[in-house]
Amino acid sequence: MAQAAQAETEVTGLATIAKDWSSDVTTFKGVPWGKAMMWIFLLSDTFIFSIFLTAYMTVRTTTAEAWPNASEVFSLTMFGVPVPLLLIAIMTFDLITSSGTMALAVNYGYRRDKRRAVRFMYLTAFFGAVFVGMQAFEWTKLISEGVRPFENPWGAPQFGSCFFMITGFHGLHVSAGVAYLIIIARRISKGRYDNTNFEIVEITGLYWHFVDLVWVFIFAFFYLW
Amino acid sequence: MAQAEIPYQEAIPLHDPHTWITKYWFSQDHKVIAVQYGITAIAVGLVALVLSWIMRTQIGFPGLFDWIDPELYYQSVTMHGMIMVIYLLTAFLLGSFGNYLVPLMLGARDMVFPFVNMISYHVYLASVIILMLGYVPGMEGPTGAGWTLYPPQAILTGTPGADWGILTMLASLAVFIVAFTMGGLNYITTILQARTRGMTMMRMPLSIWGIGMATVLGLLAFPALFVSAIMMTLDNVLGTSFFMPAINSLEIGEDYAGGSPLLFQHLFWFFGHPEVYIVALPAFGVVSDLISVHARKNIFGYRLMVWAIVAIGGLSFIVWAHHMYVAGMHPYFGFFFATTTLIIAVPTAIKVYNWTLTLWRANIRFTVPMLFAIAFVITFVVGGLTGLFLGNVIVDVPLSDTYFVVAHFHMVMGVAPILVIFGGIYHWYPKITGRMLNDTIGLWHFWITFIGTYAIYFPMHFLAIPRRYYQYDIGESTILTPSMEILNVSITLTAYVVGIAQFLFIYNLIVSYRKGREAGDNPWEANSLEWCTPQTPPVHGNWGERLPTVHRWAYDYSVPGQERDFIPQDVPREAQA
């Protein structure tokens, strides 16, 4: 049986992990409850998106018809020239930029610069809203071209099914993130977290970066393949 | 950062209930939420019990009642399975035991996010209500697709409930998963970050290890069910073809093409197999504690018990396709999944040996909870041994979809965890209410349930007939031998008796609440922290001003040279004797 009041010997490397896991009270030292909970939630959510993508890859191989060519489907005509994946490139750039502004917000939060932290959170929410707006535009364009969940003009019907389901589910995550950012930013400016180290900004940021990371995988597996 | 001479939870103000509504309905107290989960799960379990009577009546006495038509039979099969696995077992073991025991056994004030915890119960309640919507007149009945909900049949006309039943089922599952996630995040975070002073992981009672590991499995496995529920809903409502191949139904071509029914089976069982352990691991944990307390002996091989729980949890994610041998797969896949399946038997056997060795030469008190715990071990061994047959591809293929399978999973993950739930209720009822349950009724309940379930499921191993058949007669002839017919009748009659015995139990719960013997703080002379609360039943906040300090593991029973045969966890090492 391990003694709880272990002698405070200095440990380094892997031994620190063993020390933390064999200690009392908290396993992750100095990690607030909310942050631990968000990490665990994101782990669970990772499984949801992995399974969405795995399912998409499976039906892509089982369907009998040819899969539409993504770079032709997702192209915008600029000055009479079709540019493949133009909109998607802009959307991806927008979302990754929002991750940058989020990181700045976290930094300012820990410096207790409330005003800047809140501003950058609103800016992040703005980029998120722009992303959802562009996604709505993309959906509208594809729907007007005849893409439906059950059929499309170019080939396998699962193309539309997977597209609407996966980007829709991701879009819901982004929309929820925008709402979450706005609510937390408002609460910060009202002084609700003044007694804390503003970990809440980092917790919100964790979710936001996760949504961003998921998009990278959707981009790679759906648009580039 | 300020690292806690006083853990920060002592500084956090509690949400104090003022009105009846905030105290008993929208309560944020983990103990009230646990009881809410428990009552709801038992209520919905009784529905499933009645459904099993309907099934058994049809099988034992085919054609006796006109109103048991094939639709009702298949709906009962489906709803019985789903309710028992998800809405009773999962909800009770994690929602009720998890909520009650995690903060108390760890010496915490409450779950880390009581508000989320409260929402979790109400979302669970919503999922139960949505599930039952299938029975509302005008909804044309719940789904009859079997609890595995395999497409394409689950959503094609001809299957009962193809209009609304399947939708309410899928919606209910998705809502349940949301509820579980909110609860589960709380359990894990509480276990990792909100233990009391001195409570290291390796001093946690095994109940907590079982509940914690099962919650991890749930958080990683339920996503597969969530995603497949979404995809099947889309197939049904929007006409997508995720799971639907090109198909003719009643000679009419359906508007589906190119989907993969096998994909659904993979997703379903990627959830479904860990689900078995989501139910089993908390039961393992709780039964370890029951056996140790009532055998007055430390649990044999505590560390190995912990690592066995962890190993079973890990392995449970790489065995799922053993439910799908008959679906057709590459022989090497079958080889892989059979091997991993049989490897799980190793940590499981370690647990069974350790329970047995804990009982060996122990000072056993044959209390009602102890009887249930011993009955669990016996039932689990019988059910587990048949699992060895079903895990082998070549033996499984002829046994698939026969009553051998029904017998196997009912013993190993139906009856066995239910016995632990009963044992746990008899064990912790005194802490929850302050009164003991009546022993005489308890003994009747135990013996009828234990012997009865044995009489129901053991003969099923030898009943070589296919399962999920509405009837076994074809015109004048039948595929049943006379001995099989006798067995079917006897199983049905036993099922009535065992079912009625459960009402004895509920009567006991209700009557003892007012008239039971006063329990005192620690009626079983147990060590773990929930028996060390200043009040019984524990008040909101559990511990008063200061959280307890833990000085030892939870299994110091019959320590030589001590006056009493138990030393609670909060007794300092110097002060013993």
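**The whole model**

Start with everything shown. The model scores ipTM 0.93 and pTM 0.95.

**Chain A**

Select chain A. Seven helices and two strands make up its secondary structure, and from the N terminus on they run α-α-α-β-β-α-α-α-α. The radius of gyration of chain A is 22 Å, well over the 17 Å that the globule rule gives for 225 residues, so chain A is more spread out than a compact globule. Of the residues in chain A, 34% are buried. When contacts between residues at least 6 apart in sequence are counted, 69% of those in chain A join residues at least 24 apart.

**Chain B**

Now select chain B. It holds 14 helices and four strands. Its radius of gyration, 24 Å, is close to the 25 Å of the globule rule for 577 residues, so chain B is as compact as a globular protein of that length. The box filled by its C-alpha atoms along the principal axes is roughly 80 × 50 × 50 Å. In chain B, 53% of the residues count as buried.

Colour chain B by pLDDT. The mean is 93, and 97% of the residues reach 70 or more. Where pLDDT is low, the predicted coordinates should not be read in detail.

**Helix α4 of chain B**

Select residues 114–132 of chain B, which form helix α4. At 1.5 Å a residue, its 19 residues should span 27 Å, and the end C-alpha atoms are 28 Å apart, which agrees. Show side chains for the buried residues of α4(B), including B:N117, B:Y121, B:Y124, B:V128 and B:L131. An α-helix has 3.6 residues a turn, so residues three or four places apart point the same way. What covers the buried residues of α4(B)? The cover includes α2 (30–60), α3 (70–106) and α5 (165–193) of chain B.

Move on to the loop between α4 and α5 of chain B, where B:L149 is placed. Phi of B:L149 is near 55°, a positive value in a residue other than glycine. With 25 C-beta neighbours inside 10 Å, B:L149 counts as buried. B:P152 is found in the loop between α4 and α5 too, and the peptide bond from B:P151 to B:P152 is cis, with omega near 0°.

**Two further backbone sites**

Select B:R296, in the loop between α7 and α8 (302–315) of chain B. B:R296 is not a glycine, yet its phi is positive, about 50°. Is this residue buried or partly exposed? With 16 C-beta neighbours inside 10 Å, B:R296 counts as partly exposed.

Next, go to B:P537, in the segment after α14 (482–515) of chain B. The peptide bond from B:T536 to B:P537 is cis, with omega near -10°.

**Where the chains meet**

Finally, show both chains again. In the interface, 42 residues of chain B are in contact with 39 residues of chain A. On the chain B side, the elements that give two or more residues are α5, α6 (206–237) and α7 (261–294) of chain B. The largest share, eight residues, comes from α6(B). Colour this side by residue type: it divides into 26 nonpolar, 12 polar and four charged residues.

How values were computed: Residues numbered from 1 in each chain as written. Chains lettered and ligands numbered in written order. Expected span 1.5 Å × (residues − 1). Buried ≥ 20, exposed ≤ 12 C-beta atoms within 10 Å, placed from the backbone. Contact = placed C-beta atoms within 7 Å. Rg over C-alpha atoms; globule rule 2.2 N^0.38 Å. pLDDT = per-residue confidence, 0-100. Nonpolar A, V, L, I, M, F, W, Y, C, P; charged D, E, K, R; others polar.
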